[in-house]
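Student: I would like to learn how to read the features of a model like this one. Please take me through them in turn.

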Amino acid sequence: MNLVYGLFVGIVMGALIQRVGASSPRMILAALRLEDLTIIKFMATTIAVGTVVAYTMNLGMPMHFDVKPTYVIGVALGGLIFGAGFAIGGYCPGTCVVGIAEGRKDGWMAVLGGVVGASVFTLVYSLIEAPLIKPMAYGKITWADVLHLPTIAVAVVMAAILLTAVRLLPTRRTPA
Amino acid sequence: MTNPSAALPAAEQHTAPSPPRWAMLGALFGFLSAASIALFGPIGVSGTYPRFVGAVLRAITPEYAAANPYLVKMGTVVTPETMLVIGLLIGGFLSSRIFAGAKAPAVDRVHARETTDARRYVDAFVGGFLILFGARLAGGCTSGHIISGMTQLAVSSTIFAAAVFAGGIGTAKLITAWRA
């Protein structure tokens, strides 16, 4: 049944990514050049609504939360590498798949590069595990754990911070 | 909570000016990501790449696949997340066909240095390589770490998101400066 749920969530997610234009490398680069923050505001809104809804639901029903572990060096370095690739190609691992679906031929190259990148990571994993993933590891911690506050309270604060930033920042900058 | 009109559903927008489209789509995506956590687990994409590599290697060279610690750790390709990636193809295709709007270009050159389609393909390949290598090192990508992770208030995902935008904005600036 979970496979069916996964397929359903993917179909809706693919349509949303396509509609907002996140599958367009041009939109991604406009965001990273700070010329058009549409995609960043879309993501911030998603997180703000998602966190409040998920932790409100959690008050009344069991949820399948799965928090990723914190290991500072690997997560930060991985993020920097990801960011560089994001700016060079203009795709993320999901948006290139949506790009293929809407007829973008360069999406195939991004997926191919991704398969090669994942393969290389598979080869070097045992070498980088000790220096990058084992040190400064604090387990699956959330801000609610760190702050010793109820998750719903932290979710509301997170949403408020994100939505305030969304409200205050201009969406588009007219090029000088 | 302070809830700007940007995040309210369409039905509650009678009096306020209509919210921008990205806000409506973002709110819908927020409900979808919460629904996913309720149904089976947080959304994610990048783990599917090594699971796919693992499935191929298990077919070609089962001894190697069984001995590789990362492929063993990632496990079978038959997961809801793989189905989600297949769903992205279906949803992206249907949406691009059903809704009116500018058709996606077959090749969109986004950097000044991409003077030919071939150079655009090289950038897409190199970008694809780096996002998957980086995502696997960090344990997730835009969907698994930034969207799902921050939705779950994860410390790791906040670090990842900050690093992605620092690296992304910095690299975008470097590429532009390089040509100028």
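**Reading the model**

Tutor: B:Leu153 is buried, with 27 other C-beta atoms within 10 Å. A residue is buried if 20 or more other C-beta atoms, placed from the backbone, lie within 10 Å of its own, exposed if 12 or fewer, and partly exposed in between. This is a predicted model, in which local features need pLDDT of at least 70 and side-chain atom pairs count only at pLDDT 80 or more, while totals for chains, interfaces and linings use all residues. Residues are numbered from 1 along each chain as its sequence is written, and chains are lettered from A and ligands numbered from 1 in the order in which they are written.

Student: Where does B:Leu153 lie, and what is its phi?

Tutor: Most residues other than glycine have a negative phi. B:Leu153 has a positive phi near 60 degrees, and its place is the loop between α7 and α8 of chain B. Helices (H or I, at least four residues) and strands (E, at least two) are DSSP runs, numbered from the N terminus. Chain A has a case too: A:Met136, not a glycine, has a positive phi of about 50 degrees. A:Met136 is in the loop between α6 (106-133) and β2 (137-139) of chain A, and counts as partly exposed, with 13 C-beta neighbours inside 10 Å.

Student: How many helices and strands does chain A have?

Tutor: Chain A has 8 helices and 2 strands, in the order α-α-α-β-α-α-α-β-α-α from the N terminus. Of its 176 residues, 54% count as buried.

Student: At what angle do helices α2 and α3 of chain A pack?

Tutor: Two packed helices are described by the angle between their axes and the distance between the axes. Axes are lines fitted to C-alpha atoms, for helices over the stretch in contact, and angles run from 0 to 180 degrees between N-to-C directions. Here α2 (residues 25-32) and α3 (residues 38-57) of chain A pack at about 85 degrees, with axes 7 Å apart. The two helices α2(A) and α3(A) are therefore roughly perpendicular; angles under 35 degrees count as roughly parallel, over 145 as roughly antiparallel, 65 to 115 as roughly perpendicular and the rest as oblique. On the α2(A) side the contact is made by A:Met27, A:Ile28 and A:Ala31, and on the α3(A) side by A:Thr38, A:Ile39 and A:Ile40. Two residues are in contact if their C-beta atoms, placed from the backbone, lie within 7 Å.

Student: Which residues touch the most other members of the largest nonpolar core?

Tutor: In soluble globular proteins, nonpolar side chains tend to be buried together. A nonpolar core is a set of buried Ala, Val, Leu, Ile, Met, Phe, Trp, Tyr and Cys residues joined through C-beta atoms within 7 Å. The largest one has 101 residues, of which A:Met13, A:Leu16, A:Phe82 and B:Ile131 touch the most other members. Helix α3(A) gives the largest share of this core, 11 residues. Leaving aside neighbours within four places in sequence, A:Met13 is in contact with B:Leu32, B:Ile43, B:Leu84, B:Gly87, B:Leu88 and B:Gly91.

Student: How many residues of chain B are in contact with chain A?

Tutor: The contact joins 106 residues of chain B with 114 residues of chain A. On the chain B side, α6(B) provides the largest share, 18 residues.
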